[in-house]
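Please keep the sequence and the 3D view open while you go through them.

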Amino acid sequence: EALSSGLPVIISDSGGTQEVVNDKCGYIVKVGPNMKVDLIKNMTKIISNSELRDSMTLEAVKRAKEFSKEKYFHEMKNALSREL
């Protein structure tokens with residue numbers, strides 16, 4: 001949802017969101033003792049660099065389109081057709 005709204009995102013490296021976010025539209029922070037520091041560092045980069053933020057905004061919208069419900073429907077339909 002954040003990507004489709006054009007928001008750069010910061011996620012952790014646990015869970016499935018790593019499949020969606022790449023370094024062009026956000027940051028992936030490793031879970032661990034340095035997570036807080038890395039989170040603050042990446043937030044600061046996005047907030048303080050308008051060119052980076054603008055670039056990530058454009059990429060976020062592009063990336064979100066790769067996960068549209070229409071694309072999901074067609075991929076699921078094709079997968080089920082192969083199974084029959």
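1. A residue is called buried when its relative accessible area is under 20%, exposed when that area is over 50%, and partly exposed in between. The model shown here is a predicted one, and the points below should be read with that in mind.

2. Arginine 82 belongs to helix α3, which covers residues 69–83. Its relative accessibility is 65%, and because this is over the 50% cut-off, arginine 82 counts as exposed.

3. Asparagine 42 sits in helix α1, made up of residues 35–48. Is asparagine 42 buried or exposed? With a relative accessibility of 6%, asparagine 42 counts as buried, because the cut-off for that class is under 20%. When its neighbours within four places in sequence are set aside, asparagine 42 is in contact with Ile10, Tyr27 and Val29.

4. Leucine 7 is found in the segment before β1, and at 47% relative accessibility it counts as partly exposed. Apart from neighbours within four places in sequence, leucine 7 has contacts with Ala2, Cys25 and Ala60. Aspartate 54 is 47 residues away from leucine 7 along the chain, yet a separation of 9.4 Å is found between their C-alpha atoms.

5. How are helices α1 and α2 placed relative to each other? Their axes come within 5 Å and cross at roughly 95°; angles from 65 to 115 degrees count as roughly perpendicular, and the two helices are therefore described in that way. On the α1 side the contact is made by Lys45, Ile46, Ile47 and Ser48, and on the α2 side by Ser50, Leu52, Arg53 and Met56. Sorted by class, this contact has four nonpolar, two polar and two charged residues.

6. The largest pocket has a volume of about 180 Å³. Which residues line the largest pocket? The lining consists of Glu1, Ala2, Leu3, Ser4, Val9, Ile11, Thr17, Val20, Val21, Ala64, Lys65 and Phe67. Strand β1 (9–12) and helix α2 (50–65) each contribute at least two residues to this lining, and by class the lining has eight nonpolar, two polar and two charged residues. Ala2, named above as a contact of leucine 7, is one of the residues lining the largest pocket.

Methods:
Residues numbered from 1 in each chain as written. Predicted model: local features only at pLDDT ≥ 70, side-chain atom pairs only at ≥ 80, totals over all residues. Heavy atoms only, no water. 1 Å grid on protein atoms, 1.4 Å probe; cavity = no way out; pocket = protein on both sides within 12 Å on 5 of 7 lines; lining within 4 Å. Points joined across faces, edges and corners; volume = space filled by probe spheres on them. Helix = DSSP H or I, 4+ residues; strand = E, 2+ residues; numbered from the N terminus. Nonpolar A, V, L, I, M, F, W, Y, C, P; charged D, E, K, R; others polar. Buried < 20%, exposed > 50% of the residue type's maximum accessible area, 1.4 Å probe, protein only. Contact = heavy atoms within 4.5 Å. Axes fitted to C-alpha atoms, helices over the stretch in contact; angles between N-to-C directions. Parallel < 35°, antiparallel > 145°, perpendicular 65-115°, else oblique.
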